[in-house]
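Reader: I'd like to go through the charged contacts in this one. Can you take me through them?

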Amino acid sequence: MFNDSQKQRFLEYASGKYSTENVTNIISLFNKVEPYEIKLNKDVSCFNREDVSNMYSMFRYSSPYVYSSVNSKLNAYTEWCASQLLIPDGCNHYKEFVFADLEKYVNERIQRNRYLSAEEFDVFVERTPNSRDQFLLLCLWEIGKSESFAEIFQMRLDDIDEESGTVQLVTGRIAKVSKRLIDKAKEADGTLLYYQGVSNDIERKLAPSEYIFKRVRSSSNPSDPEKIAFQNVKMVARIVKNLVDKNGVNKGINAATIALSGQICMIRKRSAELGISKCDYVMKYFDELHEQYGVLIPDNPHRYYKKNEAYL
């Protein structure tokens, strides 16, 4: 336990006030919060509201009542610390959390399920029947989500440099791409049949195009750029929703969460390769992330990290 002697004193006090089971639960809780105390180099009783909130966002409890129980125990410990004059500012920030506050951490856990690990994403792609849709998923994962998905819909085979493993995107960015994406791009570019339906029993023909992503033949395909952009957004939403429904994946998954899942995977991989923390990678190498994904806040890595910290 962090700050062991102080916590042992509290446990002696608690033993005469709480049941044995309750004391055992407090010990378990002290062990659970220890990594956060070590990270911040201060006792959990001295956490400010932001510290407490960040810690709770990392817990994976499925009920707000569990969070309420945890907060109650930490509140009792902090009250004792305050009575012993052990808190520099004398404030017990656990008192500031009401039940409605604690409910949001359960929602964040559900939100976390909207993001795919690399292994889950691989299975998702493998279960996707059409090479065109597999290409779409791989692009979202590896290069991200541009405005109206133009970087994906306007990608040609000639834009890909196999030797360097990069692609020149229509927006001007040059992003790295995997051999898997390159192979799938070739396959999708050479395929003009598309299967859909409950059991993929409906065969549709795709229209020939200079672009890798081929559209289903239709007389209603618009020519106006604004209408095309609107159609692109609707098309991607529909494709991903259909794939999610077929594959039994969490219903909250969409194009944006697939793109962010890819970013999270890159952050984990690169930070491990460099032997640094995920936070340090985002702060020091944010230009890599921006170049690969064109993230929307290129000048604010701190804001990006705080927004996505719970999922890293």
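Author: Glu187 is partly exposed at 41% relative accessibility; buried means under 20% relative accessible area, exposed over 50%, and partly exposed in between, with a 1.4 Å probe and protein chains only. This is a predicted model, where local features need pLDDT of at least 70, side-chain atom pairs count only at pLDDT 80 or more, and totals for chains, interfaces and linings use all residues. Residues are numbered from 1 along each chain as its sequence is written, and side-chain values use heavy atoms, with hydrogens and water left out.

Reader: Which side chain does Glu187 meet in a salt bridge?
Author: Lys184, at 3.3 Å, N to O. A salt bridge here is a side-chain nitrogen of Lys or Arg within 4 Å of a carboxyl oxygen of Asp or Glu.

Reader: Is Lys184 buried or exposed?
Author: Lys184 is buried, with a relative accessible area of 15%.

Reader: How far apart are Lys184 and Glu187 in helix α9?
Author: They are three residues apart, so about one helical turn separates them. Helices are DSSP runs (H or I, at least four residues), numbered from the N terminus.

Reader: Other topic. How many salt bridges in the whole structure?
Author: A search finds 20. One of them joins Lys306 and Glu50 at 3.9 Å, N to O. That pair links distant parts of the chain, 256 residues apart: Lys306 lies in helix α14 (residues 301-308) and Glu50 in helix α3 (residues 49-58).

Reader: What accessibility does Lys306 have?
Author: Lys306 is partly exposed at 32%, and Glu50 is also partly exposed, at 49%.

Key:
Helices (H or I, at least four residues) and strands (E, at least two) are DSSP runs, numbered from the N terminus.
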